Amino acid sequence: MSNPIPHNAAAEQEVIGGLLVWPDLTARVLDVLDESDFHVPSMARYYRAVAALHRHGKEPSSSTVVEQLAEWVQLRDSDAVDLGSAMVAAPMRSALMSSVRVVADLSTLRQIVKAGEQIVAIGL
């Protein structure tokens, strides 16, 4: 029986929502997180879109993220609703970096678990 993969979907959603509600914090978040830190695929896609918008000098919002996903032909029917839910789940401005730290720490833990599994597989 395998253990669940360490992740916190709520924290990932809070980060995305926080980026949409507090776009001026985008650079700080991008300094800490990478797309690969997200376990939930849709949250990773949204984060990639936010990062791309930031690189092009555009402010992330639910509409600009949807536009970016559409440009990449990665838009799904549920994206607008998911982004709206993320905005509702956004933490207070002062708490956003705490959610970022949770996502980053769990990403590190997933990497450790994966390395451990690889070591065990080699040893068998």
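Buried means under 20% relative accessible area, exposed means over 50%, and partly exposed lies in between (1.4 Å probe, protein chains only). This is a predicted model, where local features need pLDDT of at least 70, side-chain atom pairs count only at pLDDT 80 or more, and totals for chains, interfaces and linings use all residues. Residues are numbered from 1 along each chain as its sequence is written, and side-chain values use heavy atoms, with hydrogens and water left out.

Start with helix α1, residues 9-21. Helices are DSSP runs (H or I, at least four residues), numbered from the N terminus. The 13 residues of α1 reach 18 Å from first C-alpha to last, close to the 18 Å expected at 1.5 Å a residue. That expected span is 1.5 Å times one less than the number of residues. At the N-terminal end, N8 caps α1. A side-chain oxygen of N8 lies 3.1 Å from the backbone nitrogen of A10. Several residues of α1 are buried, among them V15, I16 and L19. Their cover includes α2 (26-32), α3 (41-55), α4 (62-71), α5 (79-89) and α6.

Next comes the loop between α2 and α3, where L33 is found. L33 is buried, at 5% relative accessible area. Contact here means heavy atoms within 4.5 Å. Leaving aside neighbours within four places in sequence, L33 is in contact with V15, F38, Y47, V100, V103 and A104. L33 and R101 are 68 residues apart in sequence, yet 8.6 Å apart in space, C-alpha to C-alpha.

Now the charges. A salt bridge is a side-chain nitrogen of Lys or Arg within 4 Å of a carboxyl oxygen of Asp or Glu. By this rule the count is four. One of them joins E35 and R48 (2.9 Å, N to O). E35 sits in the loop between α2 and α3, and R48 in helix α3, 13 residues apart. E35 is partly exposed at 29%, and R48 is partly exposed at 25%.

D79 and R45 also meet in a salt bridge (2.7 Å, N to O). D79 lies in helix α5 and R45 in helix α3, so the pair ties together parts 34 residues apart in sequence. D79 is buried at 0% relative accessible area, and R45 is buried at 6%.

D105 and R101 form another bridge, with their closest N and O atoms 3.8 Å apart. Because they are four residues apart in helix α6, about one helical turn separates D105 and R101. D105 is partly exposed at 43%, and R101 is partly exposed at 43%.

Technical notes:
Helices (H or I, at least four residues) and strands (E, at least two) are DSSP runs, numbered from the N terminus. A polar contact is a pair of N or O atoms within 3.5 Å; within protein, one must be able to donate a hydrogen and the other to accept it, and residues adjacent in sequence count only if both atoms are side-chain atoms.
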